Amino acid sequence: MDVMRNWLKCIGPLLTGCCWLLCTAEDVVTYTEAGVMVEKVADEALHHRVKREIHHNMTGFSHDEKMAMLWRHNDLRSTRQASDMMYMEWDERLAESAQKWAEECDFQHSANRENLAGFKFVGENLYAGTHKFDPAVVVQLWYDEVQFYDYKTRKCKGVCGHYTQVVWATSQAVGCGVKYCPVLKRFRGISGYHVACHYGPGGNYVGERPYNLGESCSKCPITAEYCIKGLCSKRPKIGGSAGKMTQINLAVFTLSAFTAVLMSLLPR
């Protein structure tokens, strides 16, 4: 009995501590529903940068790179103090269409983006470069055109269409692709990366502001009843203490509770 008591005293706190870590941390969750992939993590520090090495067979983004681009979109969108900004999700259908265009190795906007990937109209942002790059920084570069946009007049003092698409409130899905092109047309005819991101539904309508200023989530559409980091969402936050526990979390929680009961029953 003494041996069991000592064992429980030793491992009990450990199990309880493990349960706390597993049950309170946000699970890394990936799922597919109509081609949509969403992933959330507890620690923003995990939103690490992934730089790519150049090689001639480079085609498509990795899972981590896709998530880095998605996170950067939502992080930047959440800074605009918008009342109606949608939370973006990754859409593999849009990623497929973006990848298809990236592989054309033609640095200009694609045509025929109506009724594409389940959307009436799809927006598009492009990037070209010759050196290794951080996928999330590509999104940042587009966003940095904010300096050329005048919200009051709704006009650009320079190129700012990439920025307005990144923060277009009603755009709620994004998918991106990349191809290393031996010859990238309309890019000085040299080799380089061709990056394309497609947005659904697309934005950048002439004369319209990309979003409405106001209290976060105060003017969300009826279909978006949740608020995540100031962004309107159709789904509750994935993972976290408010989410459902995974089977591993539940097993550890049950084992920890059972250990606590045993310890309370042992004679002192």
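# Questions on a predicted protein model

Visitor: Among contacts in the protein between residues at least 6 apart in sequence, what percentage joins residues at least 24 apart?

Guide: A contact means heavy atoms within 4.5 Å. Of the contacts in the protein between residues at least 6 apart in sequence, the share that joins residues at least 24 apart is 72%.

Visitor: Which pLDDT is needed for side-chain atom pairs to count?

Guide: Residues are numbered from 1 along each chain as its sequence is written, and side-chain values use heavy atoms, with hydrogens and water left out. The model is predicted: totals for chains, interfaces and linings use all residues, local features need pLDDT of at least 70, and side-chain atom pairs count only at pLDDT 80 or more.

Visitor: Over which residues does the pLDDT stay under 50 while the model has 100 contacts beyond four places in sequence?

Guide: The pLDDT is the predictor's confidence in each residue, from 0 to 100; the mean for the protein is 77, and 68% of its residues reach 70 or more. Where pLDDT is low, the predicted coordinates should not be read in detail. The stretch with pLDDT under 50 and 100 contacts beyond four places in sequence is residues 3–48.

Visitor: How many helices and strands does the protein have?

Guide: Helices (H or I, at least four residues) and strands (E, at least two) are DSSP runs, numbered from the N terminus. By this assignment the protein has 6 helices and 12 strands.

Visitor: What percentage of the 268 residues counts as buried?

Guide: Buried means under 20% relative accessible area, exposed over 50%, and partly exposed in between (1.4 Å probe, protein chains only). Of the 268 residues of the protein, the share that counts as buried is 46%.

Visitor: Which residue caps the N-terminal end of α3?

Guide: Helix α3 spans residues 92–102, and its buried residues include Leu94, Ala98 and Trp101. The buried residues of α3 pack against several strands, among them β3 (89–91), β6 (123–129) and β10. At the N-terminal end of α3, a side-chain oxygen lies 2.8 Å from the backbone nitrogen of Arg93, and the capping residue that provides this oxygen is Asp91.

Visitor: How far apart in space are Arg93 and Ala117, C-alpha to C-alpha?

Guide: Arg93 is in helix α3 and is partly exposed, because its relative accessible area is 34%. Arg93 and Ala117 are 24 residues apart in sequence, and their C-alpha to C-alpha distance in space is 5.3 Å.

Visitor: Is Ser171 buried or exposed?

Guide: Ser171 is found in the loop between α5 and β9. Leaving aside neighbours within four places in sequence, its contacts include Arg77, Met88, Gln165, Tyr199 and Pro201. Because its relative accessibility is 0%, Ser171 counts as buried.

Visitor: In β10, which residue is the bridge partner of Ala128?

Guide: Since 7 of the 7 residues of β6 are buried, β6 is largely enclosed by the rest of the structure. Glu124, Leu126 and Ala128 point one way from β6, while Gly123, Asn125, Tyr127 and Gly129 point the other way. Two strands pair if DSSP finds at least two bridges between them; β6 and β10 pair in the antiparallel sense over 7 bridges. In β10, the bridge partner of Ala128 is His194.

Visitor: To which residue does the cis peptide bond from Gly200 lead?

Guide: The residue in question is placed in the loop between β10 and β11 (226–228). With omega near -15°, the cis peptide bond runs from Gly200 to Pro201.

Visitor: What is the relative accessible area of Cys217?

Guide: Cys217 lies in the loop between β10 and β11. Although Cys217 is not a glycine, it has a positive phi of about 65°. Cys217 counts as buried because its relative accessible area is 18%.

Technical notes
Polar contact = N/O pair within 3.5 Å; in protein donor to acceptor, adjacent residues only side chain to side chain.
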